[in-house]
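Q: I am new to this structure and would like to go through it step by step. Could we look at it together?
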Amino acid sequence: MVAKDALMTWDSVFSPIKWDAGRLVLLDQRLLPEQEVWRHYEDATDVAEAIRKMVVRGAPAIGCAAALGLAAAALRYPDDVEGFNRALMRDIELLKQSRPTAVNLFWALEHQQLVARQALEELGADAAKQALEQQALKIWRDDVASCRAMGRLGAELIPERACILTHCNAGALATGGYGTALGVVRAAAESGKQIRVYADETRPFLQGARLTAWELHKSGIDVTVSCDNMAGALMQRGEISCCVVGADRIAANGDVANKIGTYMVAALAKRHGVPFYVAAPRSTIDLGTPTGAEIPIEERPSREVTHIGDTALAPEAVGVRNIAFDVTPAELVTAIVTEVGVAQPPSEQSIRALMD
Ligand code: MRU
């Protein structure tokens, strides 16, 4: 049965997503940590815009938001099979155009398309609406469960009194709730380990300084914000026990696309003999993409690099690149932690074994 309670969230964990009786509700992450503003959505064009503009961000959260956003839109589709199907295909295309790198978006929409088509053919539009809503809620609920499971597995890799470096935000805010990389951090803390976290500030969108610091501090976990260019010095001084990051897409050979700067951190970790862990659900693994070279990498507006709010940080009219993600070769990754097991070291065989 589909639960319809107002502002429903899963589990007791904090989530950046809510489902309010047929409407998607998102915490506007652009405004954190200063303001906590929740926005309501019922139209796929607006949900696609929210994903593009990063009201919601982080690979699993984007997948959950797209699935729920489509379900909300579908509740307003016409009741005839043809009209429903036309609207469904239009909205799936719209949502797919929002951001290219995180594979969870495409994974969630493909699951939604399958379930809606089947219900539509067999039982009609009303059943398709219900099926979309039920499956979207399941995708969200399963994502939280996956985060908890990978947290438990990943926590075993974290030594007592560890100082963990993380990049970007792969926390509750980036998922259905709890987090992937920060799920590992949370589970290690919950198991009683005395841990500390260094959060790379993560230029240009500052997911580390604004979001990772916000959610870890809120959870009572010791967090220190550091500039991205401090990572090498911290490792050189022996201050980092291990790195744990999330992923936007993992290729079949174990190459990992994640926030720009991740590759730099992984290369430094290798140089200093610091273990480099990636935590991600299996919905982030894309067996259809053989290596990292084939992963589509998003480039975002230059204004994100040149401005903070209305303040210009660079002269006008200079060239600017804003490559949003990079690819860390599998050989730099110590292990990939998923909800069902750990690929250590990551390879085509160890990754495939997790997907069987
Ligand atoms: O541009 P963003 O903020 O969507 O990028 C997010 C990341 O790169 C995360 O590390 C990744 O999506 C994993 S989130 C669990």
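Q: How do the residues of the shell around the ligand divide into nonpolar, polar and charged?
A: The shell holds eight nonpolar, six polar and four charged residues. Here Ala, Val, Leu, Ile, Met, Phe, Trp, Tyr, Cys and Pro count as nonpolar, Asp, Glu, Lys and Arg as charged, and the others, Gly among them, as polar. This is a predicted model, in which local features need pLDDT of at least 70 and side-chain atom pairs count only at pLDDT 80 or more, while totals for chains, interfaces and linings use all residues. Residues are numbered from 1 along each chain as its sequence is written, and side-chain values use heavy atoms, with hydrogens and water left out.

Q: Which residues come nearest to the ligand?
A: Of the 18 residues around the ligand, these are R57, A59, D248, N258 and K259. A residue counts as near if one of its heavy atoms lies within 4 Å of the molecule.

Q: And what are the distances from ligand oxygen atoms to the side chains of R57, D248 and K259?
A: An N or O atom in the R57 side chain is 2.8 Å from a ligand oxygen. For D248 the corresponding distance is 2.7 Å, and for K259 it is 2.7 Å. A polar contact is a pair of N or O atoms within 3.5 Å.

Q: How much of the ligand does the protein bury?
A: Taken alone, the ligand exposes 420 Å², and the protein buries 100% of that. Such areas come from the Shrake-Rupley method with a 1.4 Å probe.

Q: Which elements give two or more residues to that shell?
A: They are α2 (59-74) and β9 (256-259). Helices (H or I, at least four residues) and strands (E, at least two) are DSSP runs, numbered from the N terminus.

Q: Why does the ligand lie between the two domains?
A: Domain 1 (2-147) and domain 2 (151-355) both give residues to the shell, so the ligand lies between them. The domain bounds come from an automatic or database domain assignment.

Q: New topic: where are the cis peptide bonds at P33 and P204?
A: One joins L32 and P33, with omega about 5°, and P33 is in the loop between β2 (23-27) and β3 (38-41). Another runs from R203 to P204, with omega near 0°; P204 lies in the loop between β5 (196-200) and α7 (207-218).

Terms used: Polar contact = N/O pair within 3.5 Å; in protein donor to acceptor, adjacent residues only side chain to side chain.
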